[in-house]
Amino acid sequence: MNESDYPDDEIEYVSKSEMKREAERWQELGKRLTELSTAKLKELPISETLYNALVENARLKQHEAKRRHMQYIGRLVGDEDRDAIQAKLDLFDPSSEAYGRRIRQQELWRTRLVSDSNGLNAFIEEFPAVDRQQLRNLVRNAQKEMSSEPPKPGTSYKKLFQFIKEQMAD
């Protein structure tokens, strides 16, 4: 086969500069990943190879070794689903829109559970794996706190929010 067998419109030319910029973006994403705790790394949709490389990065002390290892992590990130990783990273970042949206959803669920009698059934329907007895107790205690005059959210109200947060994280 020679070059004339392939139509020109099927060949996508990428400049060397563009390839370098892309590699730098992958390396930058890898750098953000190295700053996460191991618990948060486990929540990410990454391969075991990348996970091990990120954990290994914390052990390295020499500047040149860290630099080479970051290049390796950048290459591994290039093989991953970067959009899925970025979406999950946004949920960890309090300044991101996705994080704010998630918090608002959790607050709406808490408000609905405390004020709406059908809220409990709707939450159980949405999250069937929830511990129903614990949820009912938290809702009942939060309702007692909020029924006082003036409504005064206390520890039960906060515990209900944490419980909702845990359920939505799964």
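Trainee: Is S156 buried or exposed?

Mentor: Let us first settle the basis. This is a predicted model, in which local features need pLDDT of at least 70 and side-chain atom pairs count only at pLDDT 80 or more, while totals for chains, interfaces and linings use all residues. Residues are numbered from 1 along each chain as its sequence is written, and side-chain values use heavy atoms, with hydrogens and water left out. Burial is read from relative accessible area (buried under 20%, exposed over 50%, partly exposed in between; 1.4 Å probe, protein chains only). S156 has a relative accessible area of 13% and is therefore buried.

Trainee: Where is S156 found, and which residues is it in contact with beyond its sequence neighbours?

Mentor: S156 belongs to helix 9 (helices are DSSP runs of H or I, at least four residues, numbered from the N terminus). Contact is a matter of distance (heavy atoms within 4.5 Å). With neighbours within four places in sequence left aside, S156 is in contact with N141, A142 and E145.

Trainee: How is L138 placed, and which residues does it touch?

Mentor: L138 lies in helix 8 and is buried, its relative accessible area being 11%. Residues up to four places away in sequence not being counted, L138 touches K159, L160 and F163. F127 is 11 residues away from L138 along the chain, and their C-alpha atoms are separated by 16 Å.

Trainee: Which residues touch the most other members of the largest nonpolar core?

Mentor: A nonpolar core is a set of buried Ala, Val, Leu, Ile, Met, Phe, Trp, Tyr and Cys residues joined through side-chain atoms within 4.5 Å. The largest one here has 18 residues, of which W109, L113, F123, L135, L160 and I164 touch the most other members. Two or more residues each come from helix 6 (97-115), helix 7 (119-126), helix 8 (132-147) and helix 9 (155-169). Helix 9 gives the most, with 5 residues. Take L135 as an example: not counting residues up to four places away in sequence, it touches L113, L120, F123, I124, V130, L160 and F163. Apart from this core lies another, of 17 residues, including L29, Y51, L76 and V77.

Trainee: Which residues are buried in helix 3, and what do they pack against?

Mentor: In helix 3, L50, Y51, A53, L54 and N57 are buried. They fall within an arc of 165° seen down the axis, and therefore line one face of the helix. E48 and R59, on the other side of helix 3, are exposed. Helix 1, helix 2 and helix 4 are what the buried residues pack against. N57 has a relative accessible area of 8%; it touches T34, K66, H69, M70 and I73, residues up to four places away in sequence not being counted.

Trainee: Finally, what is the volume of the largest pocket, and which elements give two or more residues to its lining?

Mentor: Rolling a probe the size of a water molecule over the atoms shows where empty space is left. The largest pocket has a volume of about 310 Å³ (on a 1 Å grid over the protein atoms alone, a pocket is an open set of points where a 1.4 Å probe fits, with protein on both sides within 12 Å along at least five of seven lines; lining residues have an atom within 4 Å of a point). The volume is the space filled by probe spheres set on the points, which are joined across faces, edges and corners. Of its 13 lining residues, E43, L91, F92, R102 and K165 are the closest to the centre. Helix 2, helix 5, helix 6 and helix 9 each give two or more residues to that lining.

Conventions: The arc is that of the directions from the helix axis to the C-beta atoms.
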